[in-house]
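Visitor: I would like to learn how to read aromatic pairs in a model. Please take me through them one at a time.

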Amino acid sequence: MVTATPASIHAILAATAAEALIMSLALAYRVKLLREQAASAETERRRLAEENARSESARDELARKNALLAMILDDQRFGIGMVRGERFSFANRRLAQQLDRDDLNGLTLAEVPQARPLLDGIAQAAADHEAETEAVIEDSGRSRTLRTVSRRLDPARPERGTVFLVEDVSEAKRLEQLKNDINQVMRHDLKSPLATVASALEALELAGPLNVQQRGLIAMLERAVAAMTARINLSLHLYRLESGTLGLTPQPLSLATLLADAREELAPYLTAGREWRIAYEAPAETFIVLGERAMFTAMLVNLLKNALEAADEAGSVVVTVADPPSPRLVIDNPGEAPPHIRARLFEKHVTAGKARGTGLGAYSARLIARAFGGDVVADTTIPGRTVVTVTLRAPQDA
């Protein structure tokens, strides 16, 4: 047993004090760590609360925008939808109405018989990535015409689906047919008074004698009646061409004679500063085409009139006649077609910059050329110029 001494007692007390100090320091450090962790936890809690608030706000904003988008899409006159794996993954209300359903979302195309145009669009879009189809749907004793534009979302990944834009054009078709019917009736009705005028002019000539001025006036009126009659007959022919009911009887025609007829009719447009020249790359008499004189004359008049109006006084319109075995006319005029109509130059009722333009000249010219196995195309890529090429059939091609 060791006898306690002052030194040993002080050593024990000192060790106890040191141990207490170390424990105090350790406890203080632990308290500091806990406080830092608590502060960090509070900061993180606040950050998460702010992020959660922002997420809630973002979700509310997204829901609001989705609701607004749904309202916009449902309010469209177009049906809008997306098909993935032959199942509707989205369809607005208009598309559902067009296909006689309350809701299309989740249905397969096979469950909606009226969706046949969409199937046709998918088949075409598979090959071309984009397609436009038109189909007549018969349902419950009524007929509707739907025009569908379809496009693959990703041509390289067809599984992503196809999006559709569907328009019901039934009313537009009905109104177009009504307009055509009215126009046809008016054309027929106009021919009767013209015949009366022609008979009256003939009676005046027979009643004679007429002086030089009177004969000139009667000749002018006869030409006007003949031109109007030809225009009415041509209008009827164009209507029948569009409807596929016109029986064509093409005859061999001299292209030089047709151009002479066109020049005579265009005489009022050949004022000072306006002219057109013809250049034959072979003897003029070698150019023979198959067609009908009145229709081909109208075709050339329409194209040349457009060229003269576009050129105005900027220079001559040059008509180059080439290749007798496959007759071709190239009409080259100064002046560019307006950019917004270049891609639609030969569509019906497309015109620009003409106070009295109807947009039927170029359309009817191409319609006539194609009816007789030819075509009309335009090159609008040349700065400052427009070049129209007319290809026609020769008798040996028949």
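Guide: Start with Tyr280, which is partly exposed because its relative accessible area is 30%; buried means under 20%, exposed over 50% and partly exposed in between, with a 1.4 Å probe and protein chains only. This is a predicted model, in which local features need pLDDT of at least 70, side-chain atom pairs count only at pLDDT 80 or more, and totals for chains, interfaces and linings use all residues. Residues are numbered from 1 along each chain as its sequence is written, and side-chain values use heavy atoms, with hydrogens and water left out.

Visitor: How many aromatic pairs does a search of the whole structure find?

Guide: A pair of aromatic rings is described by the distance of the centres and the angle of the planes. Rings of Phe, Tyr and Trp (its six-membered ring) pair if their centres lie within 6.5 Å; planes under 30 degrees apart are stacked, over 60 edge-to-face, the rest tilted. The search finds 2 pairs. Tyr280 and Phe287 form a tilted one, 5.9 Å centre to centre with 40° between the planes.

Visitor: Is Phe287 buried or exposed?

Guide: Phe287 is buried, at 0% relative accessible area. Phe296 and Phe372 also pair: their centres are 5.2 Å apart and their planes at 85°, so this pair is edge-to-face.

Visitor: Which parts does the pair of Phe296 and Phe372 tie together?

Guide: Phe296 lies in helix H7 (residues 293-311) and Phe372 in the loop between helix H8 (361-371) and strand E11 (375-379), so the pair ties together parts 76 residues apart in sequence. Helices (H or I, at least four residues) and strands (E, at least two) are DSSP runs, numbered from the N terminus.
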